Amino acid sequence: EPNAHRYNFLCHIKRVLRLAGLEIYKGSIEKWFSEFENVWRTMSPLYISRAWKKPEEVVRSLASKIISPDSGIILMLGAKGVMELVQLVPVLKVFGLKVTGSQKVILTGEAGTRLNVLLQR
């Protein structure tokens, strides 16, 4: 997370929830890939994308980093998540990715739902 305010919030949530195994990086994902190539090439990272780029751009940016069966992308889609997912099918096929899990999220305090999907090889 390159934004200092959001980075600090994520660190606070990590402490509150006692997520010792979670690493939060302060910087862009491109910088992380460059600095920690030895990490993502030897681990099974799970990338979580929330409004970082358009869903198709996220898939195109991260698909080549999914190098083990345990790694994947949690793609957080908007209110029209099912329609967004249908539009992504051709891109998913190009990169050999499948939806292996999904979760409908009902927002509190505002009307609407979101769709989170897990993409893996």
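Which residues lie nearest the centre of the largest pocket? They are Glu1, Leu10, Glu23, Ile24 and Ile48, among the 34 residues that line the largest pocket. The structure is a predicted model, in which local features need pLDDT of at least 70 and side-chain atom pairs count only at pLDDT 80 or more, while totals for chains, interfaces and linings use all residues. Residues are numbered from 1 along each chain as its sequence is written, and side-chain values use heavy atoms, with hydrogens and water left out.

A pocket here is an open set of points on a 1 Å grid over the protein atoms alone, where a 1.4 Å probe fits and protein lies on both sides within 12 Å along at least five of seven lines; lining residues have an atom within 4 Å of a point. The volume of the largest pocket is about 1,600 Å³, taken as the space filled by probe spheres set on the points, which are joined across faces, edges and corners. Its lining consists of 23 nonpolar, six polar and five charged residues. In this division Ala, Val, Leu, Ile, Met, Phe, Trp, Tyr, Cys and Pro are nonpolar, Asp, Glu, Lys and Arg are charged, and the others, Gly among them, are polar.

At least two lining residues come from each of α1 (4–17), α2 (29–35), β1 (46–50) and β2 (72–77). The largest share, six residues, is that of α1. Helices (H or I, at least four residues) and strands (E, at least two) are DSSP runs numbered from the N terminus.

Helix α2 includes Ile29. Ile29 is partly exposed, at a relative accessible area of 21%; buried is under 20%, exposed over 50%, and partly exposed in between, with a 1.4 Å probe and protein chains only. Beyond residues up to four places away in sequence, Ile29 touches Tyr47, Trp52 and Leu62, where contact means heavy atoms within 4.5 Å.

Leu62 belongs to helix α4 (residues 55–62), where Pro55, Val58, Val59 and Leu62 are buried. Seen down the helix axis, these buried residues fall within an arc of 95 degrees, so they line one face of α4; the arc is that of the directions from the axis to the C-beta atoms. They pack against α2, β1, β2, α5 (81–94) and β4.

Strand β4 (residues 113–120) contains Gln120, which is buried at a relative accessible area of 15%. A polar atom of the Gln120 side chain lies 3.4 Å from the backbone oxygen of Pro69. Leaving aside neighbours within four places in sequence, the contacts of Gln120 are Pro69, Asp70, Ser71, Gly72, Gly96, Leu97, Lys98 and Thr100.

Terms used
A polar contact is a pair of N or O atoms within 3.5 Å; within protein, one must be able to donate a hydrogen and the other to accept it, and residues adjacent in sequence count only if both atoms are side-chain atoms.
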